[in-house]
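Colleague: I would like to learn how to read a model of this kind. Please take me through it one feature at a time.

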Amino acid sequence: MILFITLISSAASYAATPEAASAVVTIDEESFSCIREMTPVRHFYVDNLLGDIEGTLAAANSPEGAVYPTGSVVQLVPTEVMVKREPGTFMATGDWEFFELEVNESGSTIAKRGFVDVVNRFGGNCFACHAPAKEKWDFICESGHGCEPIPINHKMTGALQRSDPRCGPAVLESGDTMALIKLKAMVGIGLTKKWLEDLF
């Protein structure tokens with residue numbers, strides 16, 4: 001409860017421009033496609049559903065941190081994405097909405113959205129993972145931003161990006177196949193552990 005009160009208080013300090021306040025972000029399953037068609041930034045990808053990719057890139061590349069503009073999309077792996085909504089949409093999250101996707105050759109299906117029950121492939125709540133990010137980083141997790149490290153490395157996330165089924169044939173690099181095998185095993189172990197915890 002204290003965490004959410006603190007987040008609501010800090011989120012209220014985010015200033016919105018009149019332009020951003022009037023913009024409406026429309027999100028459906030057509031909003032998400034091949035991750036590699038987005039703009040790469042270090043080890044993740046960004047886009048902007050309102051066309052302000054310059055503003056999104058400026059925030060992503062700011063060495064001092066910045067608030068992302070409305071419509072920003074940040075994605076590390078094909079099945080998880082966060083979108084910056086209109087100011088005041090989700091005060092606790094700084095207006096970020098999280099999405100859990102199911103992806104295949106035909107496109108994307110939104111499995112869950114919001115921030116309360118959207119989880120990653122290891123069963124962790126997406127917002128809970130991003131909440132510790134220092135305020136100046138606008139809830140974006142990278143090394144040194146205050147978030148707990150995720151249990152997968154850049155080779156694994158890169159392999160997932162290069163094998164996104166929405167992009168057509170995979171463009172795997174050396175070592176990607178082994179990285180995907182390791183990742184699949186880790187997910188299987190994580191799901192088994194959660195099942196046992198729920199059972200007992």
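Colleague: Where is the place of D176?

Modeller: D176 is in helix 6. Helices (H or I, at least four residues) and strands (E, at least two) are DSSP runs, numbered from the N terminus. This is a predicted model, in which local features need pLDDT of at least 70 and side-chain atom pairs count only at pLDDT 80 or more, while totals for chains, interfaces and linings use all residues. Residues are numbered from 1 along each chain as its sequence is written, and side-chain values use heavy atoms, with hydrogens and water left out.

Colleague: What is pLDDT, and what does the protein average?

Modeller: pLDDT is the predictor's confidence in each residue, from 0 to 100. The protein averages 84, and 82% of the residues score at least 70. Where pLDDT is low, the predicted coordinates should not be read in detail.

Colleague: Which side chain does D176 join through a polar contact?

Modeller: A polar contact is a pair of N or O atoms within 3.5 Å; within protein, one must be able to donate a hydrogen and the other to accept it, and residues adjacent in sequence count only if both atoms are side-chain atoms. The side chains of D176 and R162 are joined by one of 2.7 Å. The D176 side chain also reaches the backbone nitrogen of E173 at 2.7 Å. Not counting residues up to four places away in sequence, D176 touches K155, A159 and R162.

Colleague: Which residues of helix 5 are buried?

Modeller: They are M156, T157, G158, A159, L160, Q161 and R162. Helix 5 spans residues 154–162 and is mostly covered, with seven of its nine residues buried.

Colleague: What lies in the loop between helix 5 and helix 6?

Modeller: R166 is one of the residues there, and P165 is another. R166 counts as buried because its relative accessible area is 12%, whereas P165, at 24%, is partly exposed. The R166 side chain makes a polar contact of 2.7 Å with the side chain of D164. A polar atom of the R166 side chain also lies 3.2 Å from the backbone oxygen of S33. Leaving aside neighbours within four places in sequence, P165 is in contact with V103, N104 and E105. P165 and S33 are 132 residues apart along the chain, with their C-alpha atoms separated by 9.7 Å.

Colleague: What volume does the largest pocket have?

Modeller: Rolling a probe the size of a water molecule over the atoms shows where empty space is left. On a 1 Å grid over the protein atoms alone, a pocket is an open set of points where a 1.4 Å probe fits, with protein on both sides within 12 Å along at least five of seven lines; lining residues have an atom within 4 Å of a point. Grid points are joined across faces, edges and corners, and a volume is the space filled by probe spheres set on the points. The largest pocket has a volume of about 740 Å³.

Colleague: Which residues lie nearest the centre of the largest pocket?

Modeller: Of the 30 lining residues, H43, L76, H130, C141 and I150 lie nearest its centre. Strand 3 gives the most to the lining, with four residues.

Conventions:
Buried means under 20% relative accessible area, exposed over 50%, partly exposed in between (1.4 Å probe, protein chains only). Contact means heavy atoms within 4.5 Å.
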